[in-house]
Amino acid sequence: MFGNTFPSKTLPPPDSDIDWSKSIPEIDQQLYAKYGLDEKEIEFIESHVKEMS
């Protein structure tokens with residue numbers, strides 16, 4: 001009934017410019033730079049999002 005309904009054709013391509021082998025803080029910095037976040041936005045994210053363990 002449900003089959004394979006995952007919308008794989010609508011997903012964006014993986015980020016080839018992000019080095020996923022780095023540490024989490026380094027990946028965060030790469031993503032902040034990629035999306036042009038300013039210090040206020042970064043501060044908001046880092047104060048509201050808990051690091052997964």
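**H48 and F44.** I started at H48 and found a polar atom of its side chain 2.9 Å from the backbone oxygen of F44. That passes as a polar contact (a pair of N or O atoms within 3.5 Å; within protein, one must be able to donate a hydrogen and the other to accept it, and residues adjacent in sequence count only if both atoms are side-chain atoms). This is a predicted model, where local features need pLDDT of at least 70 and side-chain atom pairs count only at pLDDT 80 or more, while totals for chains, interfaces and linings use all residues. Residues are numbered from 1 along each chain as its sequence is written, and side-chain values use heavy atoms, with hydrogens and water left out.

**S47.** Which side chain does H48 touch? I find a polar contact of 3.0 Å between the side chains of S47 and H48. The S47 side chain also reaches the backbone oxygen of F44, at 3.0 Å. I place S47 in helix α2, and H48 sits in helix α2 too. Helices (H or I, at least four residues) and strands (E, at least two) are DSSP runs, numbered from the N terminus.

**Exposure.** I looked up cover next: buried means under 20% relative accessible area, exposed over 50%, partly exposed in between (1.4 Å probe, protein chains only). S47 counts as exposed at 53%, and H48 does at 54%. E46 is partly exposed at 47%. Helix α2 is hardly covered, with one buried residue among its 10.

**Start of α2.** What caps the N-terminal end of α2? I see D38 doing that, with a side-chain oxygen 3.1 Å from the backbone nitrogen of K40.

**Negative patch.** D38 turns up again in a negative surface patch, together with E39, E41, E43 and E46. E46 belongs to α2, which covers residues 39–48. For patches I take residues with over 30% relative accessible area and no salt bridge, like charges being joined within 9 Å and nonpolar side chains (Val, Leu, Ile, Met, Phe, Trp, Tyr) within 5 Å. Asp and Glu count as negative, Lys and Arg as positive; His and the chain ends are not counted.

**Salt bridge.** How many salt bridges are there in the whole structure? My search gave one. K34 forms it with D17, the closest N and O atoms being 3.2 Å apart; the criterion is a side-chain nitrogen of Lys or Arg within 4 Å of a carboxyl oxygen of Asp or Glu. K34 lies in helix α1 (residues 24–34) and D17 in the segment before α1, so the pair ties together parts 17 residues apart in sequence. I note K34 as partly exposed, at 34% relative accessible area.

**Whole protein.** I count two helices and zero strands. Buried residues make up 8% of the 53. Accessible surface comes to about 5,200 Å², 59% of it belonging to carbon and sulfur atoms (Shrake-Rupley method, 1.4 Å probe).

Conventions. The place of a charge is taken as NZ of Lys, CZ of Arg, CG of Asp or CD of Glu.
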